[in-house]
Amino acid sequence: MNTSAPPNNPELERAVISAVLRTSGKNIDSLLPIIKSEDYFYSPVHQNIWNTFLAMHREYVPIDLVTLNNRLMNNGRSEACGGAHFLAELSNDIEPVHHATRWAKELESHAQRRTMAQLGQNLIEHAYSGDADPSEFAASAQKTIDSVLEGRMDVAAQKPSEIMKGYVKYLEDLQNRGGDGIKTHLYKLNGITGGMIPGEIIILAGRPSNGKTALALNFALHAIHQKVPVGIFSLEMMRYLLVNRLLSSTHGVEGMRFRDGKFSDADWAHIYEFAQWFDGKDPWLRIWDKPSLSASELRAQCRRWKKEFGLRYAIIDYIQLLRPDSRGGSREREVAEISRMLKETATECGISILVLAQLNREVENRKSKIPLLSDLRESGAIEQDADQVIFIRPWDPKTVDDIVEVTLDVAKSRNSTTGSLVTAYRRKRLQFLNENEKDWSWLDF
């Protein structure tokens, strides 16, 4: 071990390189799942030779002393890698090649230690920097730590040939699954958007009391019905009030009963049935009702839920209540920071994030009630980062009708189409129904 440099072991690196050369590359497939990056080798010489091995392996070129030396010479790297004499020494090593997998795991450990050592240095420098944002760097540091603990190293970029190794298999799996999108219970909406794709931000916007939370919870219930793990961040409503809404949607207990407490015997039967049903949803649902939640805290919680129960779909009610990590700038800058953090979270965790948002009041005063993207409050960054934007077209919540015709407008869809659909909003049960639908036939107990 070289104690004057970051953790590394040149003899171990040499042994792995030698083992590949002496087996004509036959053991390289067993090493690739362990050595995920050239950075696992500390020596630039060993990095160059390893990358040459990979190139020859992809091209089905035999790996031996002659072909390796010729390839390095053609690339102008022979002298930098010690020349033919050094390669000959490698091929004559006497270490048993069947230990190569164990050596590779030790290399991985050294590489992880180097990453942690660099992170420690960065933390010290960051702590002494007066201009740095501690919360943002903490989120980045946590990501690095998670990567190391999970046995994977972040690679800045991948070559097309490396990407293509798994790409066709990804498409085959995609076809077998019928797409990656999380479907809603509204089939016309699915037809327009294709569902909610991992890594995407979906904005659901509307005026107050027009059904944003109800529709989001409808989406959540349908996702849970499909055994999709869902996390709900309720920044406006306590958990019991949220569960009241789920009870109304699934078992028909009217919302007024949660205000006056006048539950009938039938209501109590539904409540007990719901309690048993809801109690069994631990594998598929988490609810967070902390009112003052920062963007980085939300990101950290999504990471924890991803590890804990495989989170695939997060719902945030709503974006204007999220707290930025740093204060002092304009509101537009704060919302831009929040929006960027949400997009990074969706991509990093591989989840779909449905974000509820408010529409400006001006939309109600126009002759046409069709919302525009510019009607989003603090719309710039939200509109830019969103992959889909779905509007609930304004309607009068003062109407006494139980069932209201409500139009949804898909105003933006980065990877699909836009369009509109009509739904029936059954207000007493907080259910959005497809046209000509009287009840949720998909919901079973």
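Me: How many bridges join β2 to β3?
Reply: In this predicted model, β2 and β3 run parallel. Within the pair, I232 stands opposite I287 of β3. The number of bridges joining the two strands is four.

Me: In β4, which residue is the bridge partner of S234?
Reply: β2 also pairs with strand β4, residues 313–317. This pairing is in the parallel sense and extends over five bridges. The bridge partner of S234 in β4 is D317.

Me: In what order do the nine strands of the open sheet follow one another?
Reply: The chain has 17 helices and nine strands. The nine strands form an open sheet with mixed pairing, and the twist from one strand to the next averages 25°. The order is β3-β2-β4-β5-β1-β6-β7-β8-β9.

Me: Why is one side of β3 and of β9 left without a neighbour in the sheet?
Reply: β3 comprises residues 285–288 and β9 residues 431–433. Both strands stand at the edges of the sheet, so one side of each lacks a neighbour there. The reason is that each has a single partner strand.

Me: Is Y425 buried or exposed, and what is its relative accessible area?
Reply: Leaving aside neighbours within four places in sequence, Y425 is in contact with residues including G211, A214, W395, V404 and L430. The cut-off for a buried residue is under 20% relative accessible area. Y425 is therefore buried, at a relative accessible area of 6%.

Me: What distance separates the C-alpha atoms of Y425 and E405?
Reply: Y425 and E405 are 20 residues apart along the chain. Among the contacts of Y425 are D402, I403 and V406. The C-alpha atoms of Y425 and E405 are separated by 6.2 Å.

Me: Which strands does helix α11 touch?
Reply: Helix α11, residues 239–251, packs on the sheet. Its direction makes about 140° with that of β3. The strands touched by α11 are β2, β3 and β9.

Me: At what angle do α11 and α13 pack?
Reply: Helix α13 covers residues 265–279, and its axis is 10 Å from that of α11. The two helices are roughly perpendicular, a term used for angles of 65 to 115 degrees. The angle between α11 and α13 is about 110°.

Me: How many nonpolar residues are there in the contact of α11 with α13?
Reply: From α11, the contact includes V243, L246 and L247. These and other residues of α11 meet residues of α13 that include I271, F274 and W277. The contact has three polar residues and one charged residue, and its nonpolar residues number seven.

Me: Which residues touch the most other members of the largest nonpolar core?
Reply: The core has 50 residues, and its largest share, nine residues, comes from helix α10. Not counting residues up to four places away in sequence, V230 touches residues such as A220, A223 and I224. The residues touching the most other members are V230, Y313, I315 and L354.

Me: Which residue other than glycine has a positive phi near 65°, and where is it found?
Reply: S24 also has a positive phi, near 55°, and is found in the loop between α1 and α2. S24 is partly exposed, with a relative accessible area of 41%. The residue with phi near 65° counts as exposed at 82% relative accessibility and is found in the segment after β9: N436.

Definitions and conventions. Residues are numbered from 1 along each chain as its sequence is written. This is a predicted model: local features need pLDDT of at least 70, side-chain atom pairs count only at pLDDT 80 or more; totals for chains, interfaces and linings use all residues. Side-chain values use heavy atoms; hydrogens and water are left out. A nonpolar core is a set of buried Ala, Val, Leu, Ile, Met, Phe, Trp, Tyr and Cys residues joined through side-chain atoms within 4.5 Å. Buried means under 20% relative accessible area, exposed over 50%, partly exposed in between (1.4 Å probe, protein chains only). Contact means heavy atoms within 4.5 Å. Two strands pair if DSSP finds at least two bridges between them. Axes are lines fitted to C-alpha atoms, for helices over the stretch in contact, and angles run from 0 to 180 degrees between N-to-C directions. Angles under 35 degrees count as roughly parallel, over 145 as roughly antiparallel, 65 to 115 as roughly perpendicular and the rest as oblique. Ala, Val, Leu, Ile, Met, Phe, Trp, Tyr, Cys and Pro count as nonpolar, Asp, Glu, Lys and Arg as charged, and the others, Gly among them, as polar.
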